[in-house]
Amino acid sequence: MQKWRYALASALALALAGPVGSPATAATPKDTLVMAWNLDALITFDPAQIAEINGNDIIRNVCDPLVEYKLDDVSKIVPKTAESWSVSEDGLKLTFKLRPNLQFPSGKKATAHDLAWSMHRVLHLGFGASANLTQWGFSKDKAEQQIVATDDHTLVAHLDKPYPLQLILSAAFANQVTQLLDKEEGMKNAKVADGKSDHGNAFFKTAPICVGPYKVRTWNANDVVILERNDNYYGYDAYAGGKPALRRIVYRHVPESGAQRLQIEKGDIDVARLLNSDDLKALSSNKDVHIEQTLMHGFTYLVFNAADPILSNPKVRLAFRYLIDYEGLGKTVIQYLGAPRNSLVPIGAYAALNEKEGLPFKLDLDKAKQILAEAGYPQGFSKKYILSANTPNPPIAQHIAANAAKIGVKLELEQMADAHLFQRARNREFDVLQIGWGAGYPDADSMISRHAVNPDNRAEAKLAQYPSWRSSWQDQKVNQWAEAAKMERDPAKRIAMYADIQRYMLENGPMAYIYQTVRSIAIRKDVVKDFQIGPFWVAYGTAKK
Amino acid sequence: MSANAAAAGPHRRRLHRWLTAEVTTSPQQASLQRLYFGWLRFRRNPLAMIGLSILLALIVIALLAPWLAHYGSNDQDLYARLKPPSAAHWLGTDELGRDIYSRLIWGSRITLYIACLVAIIAAPVGLIVGTTSGYLGGWTDTVLMRVTDIFLSFPGLVLALAFVAALGPGIENAVIAIALTAWPPIARLARAETLTIRSSDYIAAIRIQGASPLRIIVKHVMPMCVPSVIVRITLNMAGIILTAAGLGFLGLGAQPPSPEWGAMLSTGRQYLIGAWWLAAMPGLAILLTSLAFNLFGDGLRDVLDPRTE
Amino acid sequence: MTAAAEGRSPQPRRLPPWVRAGWRVGSSIVVTLLGLLGLTFFIGRMLPIDPVIAIVGEQAEQSTYDMVYKQLGLDRPLYVQFGYFIRDMMSGNFGQALFTGNRVIDDLRRVFPATIELATFAICIGVFVGVPVGMLAAVYRGRAIDHVARMVGLIGYSSPTFWLGLMGLVIFYAALGWVGGPGRLDVYFIDVVDLVTGSVLIDSAIAGEWDVFRNAFSHIVLPGSILGFASMAYISRMTRSFMLEQLGQEYVIAARVKGLSKWRVIWRHAFRNILVQLITVIALAYAFLLEGAVLTETVFAWPGFGRYLTAGLLAGDMNAVLACTLIIGLIFVGLNLLSDLLYRLLDPRTR
């Protein structure tokens, strides 16, 4: 007994001492960038199917789209596989000139015909990503007429409406749906079942053959992804060319923040991409590690089900906005992970409200209580509150629930896996929902067209891709407003219209936005240079060691 | 022993004499004597006594939680989060600045709640299935035992995981899932006991008197099986607590902000390197409790199983 | 009543006994298998997680959703789905794992060797520590070593393995740096050795890649020991009680009286007699290791079966979860059967 107690005491003493320098720091290979990430959600590398942020991040280094946002200023569009583009006078015909020197990793030439086929298959397959085309009037039935390769280097797109050029380029043509796949391989490996072709989906899922700086060499689900340099790449820099310096990019599945922290401290990895707030804070004082923070175009927010008699009251929803200690959370639980923000358009997007105007609310229990009393619920009420089990969601929800309890609102929490949470959200099966969302493109329209606009609120409409529909909330005034703003070709007017919508939504909307996502990446200073991080993805083409 | 008895007052001495009398005068005295001798034997096993005292302490802690805890289970302080153990917070604070010591105290109620509820569900189910199967025999036996075997053919945790995944997370569902995995061994045991009881003269005599099978099972077979079922469930209790903690650890058990130990441990896992106490403390509590059940059960088995004498 | 009691007696007398025994065992296996299938199917249907969303993505439109829903056959009546399910399972077709994009059977083939390696490492520790400790505890019953062994064993039983794993990582990896971290290999050793046997340890030793071997060993030693701890507790306890039984037998006393040395009697006679029982215990311990692996692998990011199961569970991947549950059930039944058969074959008393 005595001995056992002694052993336990010394074990605890050792644990108390915390991490000390490790013997023999292992260095990663010189030509390989090793990253730790969570690869849980990764299920496909087919650009027509990718629907989550990590897959998108990786595929951006494997497959180039027609055009791209500049990484450091997403309001600028730069050429990728297209070297130039033009729009007809009526605004209905877009013509892209492709680079003459596009090659697949095998050295085979890539043409506009490959690209047209790649875009057609996005529409035919109809996965979530196809919305990036269907939203702009492209459709499965007319795909072959709407997107045409007129010769090996020219792609023509026929639009249904004269959208502002900036908007349509950033929303549709900078998207993964214009990534160029090998038509010949895709057709050859297509599987046909019940008379329907999968357009090479099963084949490209694990090994997309694309024009891009890297190719997928190995993918073991939930374990490792290895990218290898495409030696036939035309150049990572849209203007100056240039070949990637690093031969291999390795992503390791390390779902634990603590493990990632240890590995980067020891130099087992070069880059840690999934660290929680406290591990980042600890790493910030490590002289070997640099933490790069980037505001992403995503949010964590609460959704109130407007079909619920209590939550349909805008005042009740307004009261909730005063239950959150934005400043306190920002300094503690979500430090490095989020920047408090209430407006639905993210900072960095076209026409976003500025930082101050986008964060009008603060923790104010008295005010919340007063608003609730005005709404007719001075005694409070009870509601169920569902959320993702992933960090940092649980502490945020517990914080809100504890504050709500102080004004008599009882929130019963239920944590669940993301897959389950998404399903509950899509089926409108919730009272209060805490969830995240990533905007597709850096324009106010991206958020407003999904979060404020609700084209059809009927249950049978099943517009589950619209968070507004999920919340059973509809406001015809907002619908018309947003449509007018979208088509407005005068930039100044467009910005003003979006500002009005944002202000209206702050007070009346069915969502309470808590924070805009920040991506914090820890990088070994001594080994990694010129790592390019944008709000939507990270590019490794320029990275050196 | 005798010194002890002598030191005690005359009442205790008389009680001791009555309990150790060589000739018993009533059945009650006989069964109490059996218990008393068992207790005396149990008391000689120091490890078992340690187990028992930990369990008693746990029950006391759960009952007196409002007085023992320094804070409520959900009192938050964002600016005092992840603080190491200190005089103000004996076991430190967690990611929302809640006092871990207080949460462990409140959490003892949940642990006991889970353990008791599982026992209350699983023991009767196992008892009914086992005794029915054993007494009736034939097809009933074949079918029931086949079902039992199917449940037994999954490891407990995997089956509980699958059930909880199906039922949805939450403490009640976790209890149901664990109970679903806990009854088969009890049914097996009850069946084996029933098979020996069934062939006894005593049951034959009752059967000849014309008692219905239902009456025999409920009135005569089940009571005979109860003691061994109780021992068995006590022995399983450690496993039940570990499974519950495992479910909590995977986020499928009790939901936040509930101070369930497994769930606390699961949260602590994210802060492992910087704030080890978040995971270490609830883990120790789980270890201590399941160890206590194992020690207690072990002692109990020694007392009741004559072969180990 | 009496009829029921004798319900099992009417059996065709003409058949030779081994046919009857075979029939009994065979039919019970078939029924158990069907039960396993039924139970897993039932669980699968109850899973509240939607497999369709995992495929189409959270932002997909309803028409896309409905299309995939049909493709997965989820619109058919339940009994039809069960029929397909049995047919598929029988032919080893567990469908596509949605969260990996591969066929489940291919995934399982990939992840299983990692688990087998871990479990085998653990069982070696369990056997090579557990058996001697159990023997010593029996021989020196009631002495200090017996108490220590018992206490350590009980702690092994009582510890949440996932907690031991976490604490082990904090102490031996983070603080002391004695062992490798999560995962099976450090990243730059991945892909160095082609997996032939599926065990990195064996393959790297065969290939003479000692750096890889050392690295693999540093990664397996902690999860392997922690898993092994629990099975050691079980094995030493059983060894002790088997041994005590033997030591009380007359032949042991007789042999001692004849002047044979104590340890000679123990090893040559008593140990041999408990060998059969021990093997069955080890087979069962091995089966339980697979259960322990679920949480241990999750903690250590060990790319094996257990982590595949929990990842599938969290990703809402019905196919993967069902296949894993079913396979673990099959292995359990198989190992139980095996230990039963071994017992019957090797133990003369049961003939």
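Predicted model: local features only at pLDDT ≥ 70, side-chain atom pairs only at ≥ 80, totals over all residues.
Chain A contains 19 helices and 21 strands, and its C-alpha atoms fill a box of roughly 70 × 70 × 50 Å when taken along the principal axes. Of the 545 residues in chain A, 56% are buried. Among the contacts in chain A with a separation of 6 or more, 70% are made by residues 24 or more positions apart.

The chain is divided into three parts: domain 1 of chain A (1-38 + 213-288 + 525-545), domain 2 of chain A (64-199) and domain 3 of chain A (295-519). The centres of domain 2 and domain 3 of chain A, taken over C-alpha atoms, are separated by 33 Å. Between these two domains, 12 residues of domain 2 of chain A are in contact with 11 residues of domain 3 of chain A. On the side of domain 2 of chain A that touches domain 3 of chain A, helix H4 (131-134) and helix H6 (165-173) of chain A each supply at least two residues, and H6(A) gives the most, with three residues. By residue type, this side of domain 2 of chain A comprises seven nonpolar, four polar and one charged.

When neighbours within four places in sequence are left aside, A:Phe203 is in contact with A:Gly186 and A:Asn189. A:Ala306, by contrast, is 103 residues from A:Phe203 in sequence and 43 Å from A:Phe203 in space, C-alpha to C-alpha.

In chain B, helix H8 (residues 156-167) has 12 residues and reaches 16 Å from its first C-alpha to its last, close to the 16 Å expected at 1.5 Å a residue. Because 10 of the 12 residues of H8(B) are buried, this helix is largely enclosed by the rest of the structure. The buried residues in H8(B) are B:Gly156, B:Leu157, B:Val158, B:Leu159, B:Ala160, B:Leu161, B:Ala162, B:Phe163, B:Val164 and B:Ala165. Just after H8(B), B:Gly168 takes a positive phi of about 100 degrees.

Chain C is divided into domain 1 of chain C (32-90) and domain 2 of chain C (113-306), and the C-alpha centres of these two domains lie 39 Å apart. Where chain C meets chain B, the contact draws 39 residues from chain C and 42 residues from chain B. Several helices of chain C each supply at least two residues of the side that touches chain B, namely helix H1 (2-5), helix H2 (17-46), helix H7 (144-158), helix H8 (161-175), helix H12 (262-300), helix H13 (305-315) and helix H14 (318-346). The largest share of this side of chain C, seven residues, comes from H2(C). The residues of the side of chain C that touches chain B divide into 29 nonpolar, eight polar and two charged.

Terms used
Residues numbered from 1 in each chain as written. Chains lettered and ligands numbered in written order. Contact = placed C-beta atoms within 7 Å. Helix = DSSP H or I, 4+ residues; strand = E, 2+ residues; numbered from the N terminus. Nonpolar A, V, L, I, M, F, W, Y, C, P; charged D, E, K, R; others polar. Domains from an automatic or database assignment. Buried ≥ 20, exposed ≤ 12 C-beta atoms within 10 Å, placed from the backbone. Expected span 1.5 Å × (residues − 1).
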